[in-house]
Amino acid sequence: MALKNTYKATVGVIGTGNFGTALANLLADKCKRVLLYARNEQKATQLIKTRKNGYHQIADNVEIITDISFLAEKCNVIFPIVPSINFREMMKNLSPYLKPYHVLIHGTKGFDFNNKNNALKGSESQIFTMSEVIRQESSVVRIGCIAGPNLSKEIALKMPAASVIASDFDEVIHLGQKYLKSDRFLVFGSNDLMSTELCGILKNIIAVGAGTIDGMKLGENAKSLFITRGMVEMVEIGKAMGGQVEPFLGLAGIGDLIATCSSNLSRNYSVGLRLANGEKLNEITHSMREVAEGIKTIDIIHKWSKNNPMRIPITETLYKIIHEEITVEEAHAYMMKFPFTTEIEFLK
Amino acid sequence: MSQSRPRYKDILKRKKDWPIVNLSQNKKTFLDEVSQNVFTNLIQGDGRKTLHEELEMTIYREKQRVINNPWRVDPKDDLTFWKRIQKKQLSIKESKDKVTVEKEILKEIIDRYCKEIVGSFNKSSYRFAKRITTFGFARLLNAARVKGFKSIFSRQLDLQDQIHVVGEPEQLRKLAKIGTIVLVPTHFSNLDSVLIGWVIQFLGLPPFIYGAGLNLFNIKILAYFMNSLGAYKLDRRKKNPIYLETLKEYSKRALEWGCHSLFFPGGTRSRSGQIENSLKLGLLGTAIEAQRSLISDHGKQAKPIFIVPVVINYQFTLEAPSLINEHLKRTGRERYYRESDAFSNSKKMATFLMKFFTKKSDISVSIGRGLDVLGNYVNDQGQSLDQHGKVIDIKDYFLSNGKVNVDKQRENTYVQILSKKIVEEYYKNNRVYSSHLVAYTAFKMLERKNSKLDLYSILRLSEDDLTLDYEAFKKSFKKLRKVILELNEQDKVDVNDKFKNKVDESIIYGLNNVGMYHAKRPLIKVKNQILILNASTLYYYHNRLEGYGLEKHI
């Protein structure tokens, strides 16, 4: 392993959620100085005071800041890790300070969805991945994403994990690897940014569903069945949105899917679990500290499919569950009767 | 009459200030630089092949080419040269200093390629060629259109009446004074280079250099014109890395020397009639490399390079039937009869020119807004703007840790960004004429009527199946026109003024213009029916409006 603080660089992280904090700590292992930006002054003061964020002990060389221009000025490499719903706004605030030499590697697993689109009917252009939002809102082109099975709590406990950094630019991948790779964190590279983003986003749908299976205590066979069918649906949607199959078969796809579909540590999974236990969606979301991206993604894919007709029984069923059109039990009965034909078609 | 229209003055009055003149006067220095750079790049290699392998392959292929596919324009000593080089290479094994000899061979090949590629611009023949294109065309136009042959010296009409330059010509002129221009036009017809040549001089810009296929130099008269207009030679038979590297370096270096350049980034003419959507990245890449290299050498004083997309809007492409047949032959399973190229002989060319000038068919050339090498718009001062209109420094794209560095992979990705932007601009600046829309509507209706059939079966339908009811046609036309006008409002496509006429008028204008000079008109109206007389030509003209998502609205 490289020694602590190997690199003199100052790198930035935006967002003090669980994953943002975990990532700041990982970066702190390798870089001299990490700037962690908090939007909320109060939260920043509290973090500075306690040096703790939930179960994370914040590393000494992580500096909590609230001035986003300072972050852009000091860091060439920035990791924005904020919920998709706030991402565009965050970019609007950051954009005036960004230059084309900046490198942005985001870790947000959700879509940006523009309701007030003025695009023509049938256009897909109202749904964007975060890399597209970065391109639209700033002059930055060297963009990447980080995706993989990265349950924050396990990273906080210094358990081993791995991730994929995807970018059109090799230099972005190399920088990500340089600043993150350690003996407890492996970093793979991929040149397929969009597909990798889609993996991370779409797997959240399946995680919600897997939670309901466990909530109903349907057993491991049923869950394997569900995850496998879920994987197929993810790939089909991903392909229809212009993605490639390969990343779905890697860490960002299957890897992340396995982790999130079997762990209480996953927010999306917990939502499903609690839905199956009879709680209402708004009760669940109100009680959660952080956003479960899967819920929003289900809505977005449901809307998207109106213009892109395809068979997506899992997403459609989950949509009906969260909008209380059917119960979890009814959904289960429906899925068991669904006329699936060929098992895998996407490799043809 | 003609006096009231804008007359553009030359932006550089003295010919000796033209970058192209500078380049041709210092040809030797220029070629030495190119050759030396290619040599250095190739010696460093990309690790995939050794120099030995590269040379072996190149020499083998070149010998094959000379024997199997010789052209009139090839140098006389082609075979002897390659034989000698091969002999030299074979003798390496016995030589003690293998590497030195290999390097010598490489340098010799590069030097030879440099000499083959180089253009020979000549001021006086440029003047002559320029007069032929403007004066000659104008005379012809007057003779044909005004009062018969006697009016050949009339000044009443000139090329401007036939060719409308629209878009941002003023900005182009401004940018040409600040930096180096790379014009990137769409490519539909062989007429394009002549047309662009005319536009360049009409706008008062100094001559541009451009790569022209070596095959065109086989024709003596063309060779004369192209040489004098600043063309350099591209030999598409040679696909070896040494040649390609030399070609790219030539283009890159010329840009660094400030020579305005013309690339047809689609490569060859669009076979399908659709606007280019995948561009050749090689030459575009040289603009990015040249810009980085200028910044690295001159810092803040570096001359900017501007990319200016140009859309040439024809209502009619002379070569349409042969182009579309070639396209169908390539994509389809059926054998298609291939007509000979429409410009294959001078008689055909003359007939076309006569037709072109006697009938009224407008051509418009849309000059797009200037872009930097990353595809950002630039303002009139040549500064790059981000999407919010904020000025950004182009240098920042090439920085890593505060220093300009060479990163081939990064620049390859930049080329893709640039190319995507150029395509977007093409679609935006594409000017829709009623003739395009009548073709589109008719063909799409035909497809709908025969939704079970594939394209090739549709093209083979019998005469009886090739009729459409006029009222239904008019309804669809109207609907699509509305969508196009909406797109136009959103700045996603341009439209011709006549496009907004009353529907019936617009349709008649369209029908009168679609494929008007072809032996067989693709589309006519007979009583209350629309008859499709040539489905594949119709398909060609219909393709011009593909890519806008119009099919959802019919």
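Colleague: What should I keep in mind about numbering and confidence before I look at any feature?

Modeller: Residues are numbered from 1 along each chain as its sequence is written, while chains are lettered from A and ligands numbered from 1 in the order in which they are written. This is a predicted model, in which local features need pLDDT of at least 70 and side-chain atom pairs count only at pLDDT 80 or more, whereas totals for chains, interfaces and linings use all residues.

Colleague: At what angle do the axes of helix H3 and helix H4 of chain B cross?

Modeller: Helices (H or I, at least four residues) and strands (E, at least two) are DSSP runs, numbered from the N terminus, and axes are lines fitted to C-alpha atoms, for helices over the stretch in contact, with angles from 0 to 180 degrees between N-to-C directions. Here, the axes of H3 (residues 51-68) and H4 (residues 78-90) of chain B come within 10 Å and cross at roughly 150 degrees. That makes H3(B) roughly antiparallel to H4(B); angles under 35 degrees count as roughly parallel, over 145 as roughly antiparallel, 65 to 115 as roughly perpendicular and the rest as oblique.

Colleague: Is the crossing of H3(B) and H4(B) left-handed or right-handed, and which residues meet?

Modeller: A crossing is left-handed if the near helix is turned anticlockwise from the far one by less than a right angle, and right-handed if clockwise; H3(B) passes H4(B) in a left-handed crossing. Residues are in contact if their C-beta atoms, placed from the backbone, lie within 7 Å, and the residues of H3(B) that meet H4(B) include B:Leu55, B:Ile59 and B:Val66, with B:Leu79, B:Trp82 and B:Ile85 among those in H4(B). By class, this contact of H3(B) with H4(B) has six nonpolar, two polar and four charged residues, where Ala, Val, Leu, Ile, Met, Phe, Trp, Tyr, Cys and Pro count as nonpolar, Asp, Glu, Lys and Arg as charged, and the others, Gly among them, as polar.

Colleague: How does H3(B) pack with helix H5 of chain B?

Modeller: H3(B) and H5 (residues 98-117) of chain B pack at about 45 degrees, with their axes 10 Å apart, which makes H3(B) oblique to H5(B). Their crossing is left-handed, and the contact is made by B:Leu51, B:His52, B:Leu55 and B:Thr58 of H3(B) with B:Glu102, B:Ile105, B:Leu106 and B:Ile109 of H5(B). The classes in this contact are five nonpolar, two polar and one charged.

Colleague: And what are the angle and the handedness for H5(B) and helix H11 of chain B?

Modeller: H5(B) and H11 (residues 241-256) of chain B pack at an angle of about 55 degrees, with axes 10 Å apart, and are therefore oblique to each other. The crossing of H5(B) and H11(B) is right-handed. Among the residues making the contact are B:Ile110 and B:Tyr113 of H5(B) and B:Tyr243 and B:Leu247 of H11(B), and by class the contact has nine nonpolar, one polar and no charged residues.

Colleague: In what order do the strands of the open sheet of chain A run?

Modeller: Two strands pair if DSSP finds at least two bridges between them, and in chain A eight strands form an open sheet in the order S5-S2-S1-S6-S7-S10-S11-S12, with mixed pairing. The edge strands, each pairing on one side only, are S5 (62-65) and S12 (185-190) of chain A. S10 (residues 142-147) of chain A runs antiparallel to S11(A), joined by four bridges, and A:Gly144 stands opposite A:Ser167 in S11(A). Helix H10 (residues 251-261) of chain A lies across S10, S11 and S12 of chain A, at about 145 degrees to S11(A).

Colleague: How many residues of chain B are in contact with chain A?

Modeller: There are 15 residues of chain B in contact with 14 residues of chain A. On the chain B side, the largest share, four residues, comes from H15(B).

Colleague: Where does A:Lys158 lie, and is A:Lys158 buried, partly exposed or exposed?

Modeller: Most residues other than glycine have a negative phi. Phi of A:Lys158, however, is near 60 degrees, a positive value; this residue lies in the loop between helix H6 (152-156) and strand S11 (161-167) of chain A. A:Lys158 is partly exposed because 13 other C-beta atoms lie within 10 Å, given that 20 or more count as buried, 12 or fewer as exposed, and values in between as partly exposed, with C-beta atoms placed from the backbone.

Notes:
Two residues are in contact if their C-beta atoms, placed from the backbone, lie within 7 Å.
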